[in-house]
Amino acid sequence: TFYGLNIMSTYEKEKKNIVDELSTQVIILGYVSYEEMPKWYQCSDVGLFPSIWDEPAGLTCIEARSSGLPVITTISGGIPEYIKSDFGVLLPVDEKLVKNIADSLNLLLSDPMLLENMGKRALEYSQKYNLSTYYEDFYQQITGVIKESK
């Protein structure tokens, strides 16, 4: 909440109490600088980013995908535009969300080949988005508009 300060919101304190009971299974990193993020993505098996609000374009999903991680997330806002079912699990935001997250994690973590293949497809998908592709798409859009206006 407070980006690197040692201040905790009520929610964060409650979350910490829960996680303390699971200390051998869950680690809360707290604030991580942007420069350190690639290291944490690389030591992960799955990106898990459920959003219960209409997330416009959360960078964490895109960063995880670009790091070659399968992503488990929700059908919220713009997320389905950049997380596809061949490298991600898109879950509805409903009363079964927690169970569906657990089931999805169990599925991916119990099938190393599925996990590896989804990670490869995530990385392949991300590699389509680079400066050259961006420029070419932008150029095509602009020239199309110019042609239409003549």
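Two helices, α2 at 37-42 and α3 at 59-66, each supply at least two residues to the lining of the second largest pocket. Keep in mind that this is a predicted model. α3 gives the largest share of that lining, four residues.

How big is the second largest pocket by volume? About 250 Å³. Its lining has 16 residues. Closest to the pocket centre are E55, G58, L59, T60 and C61. By class, the lining splits into ten nonpolar, four polar and two charged residues.

S51 sits between β1, residues 47-49, and α3. Is S51 buried or exposed? Buried: its relative accessible area is 6%, and the cut-off for buried is under 20%. So S51 counts as buried because 6% falls under that cut-off. What does S51 touch, leaving out residues up to four places away in sequence? The partners are T74, S76, I79 and V93.

Now the last topic, a helix pair. α5 covers residues 97-109, and α6 covers residues 112-127. They pack at an angle of about 95 degrees, with axes 6 Å apart. That angle makes α5 roughly perpendicular to α6. On the α5 side, the contact is made by L107, L108 and L109. On the α6 side, P112, L114, L115 and M118 take part. What classes of residue make this contact? Seven nonpolar, no polar and no charged.

To recap. The second largest pocket takes four lining residues from α3. S51 is buried in the model. And α5 meets α6 through seven nonpolar residues.

Terms used:
Residues numbered from 1 in each chain as written. Predicted model: local features only at pLDDT ≥ 70, side-chain atom pairs only at ≥ 80, totals over all residues. Heavy atoms only, no water. Axes fitted to C-alpha atoms, helices over the stretch in contact; angles between N-to-C directions. Parallel < 35°, antiparallel > 145°, perpendicular 65-115°, else oblique. Contact = heavy atoms within 4.5 Å. Nonpolar A, V, L, I, M, F, W, Y, C, P; charged D, E, K, R; others polar. 1 Å grid on protein atoms, 1.4 Å probe; cavity = no way out; pocket = protein on both sides within 12 Å on 5 of 7 lines; lining within 4 Å. Points joined across faces, edges and corners; volume = space filled by probe spheres on them. Buried < 20%, exposed > 50% of the residue type's maximum accessible area, 1.4 Å probe, protein only.
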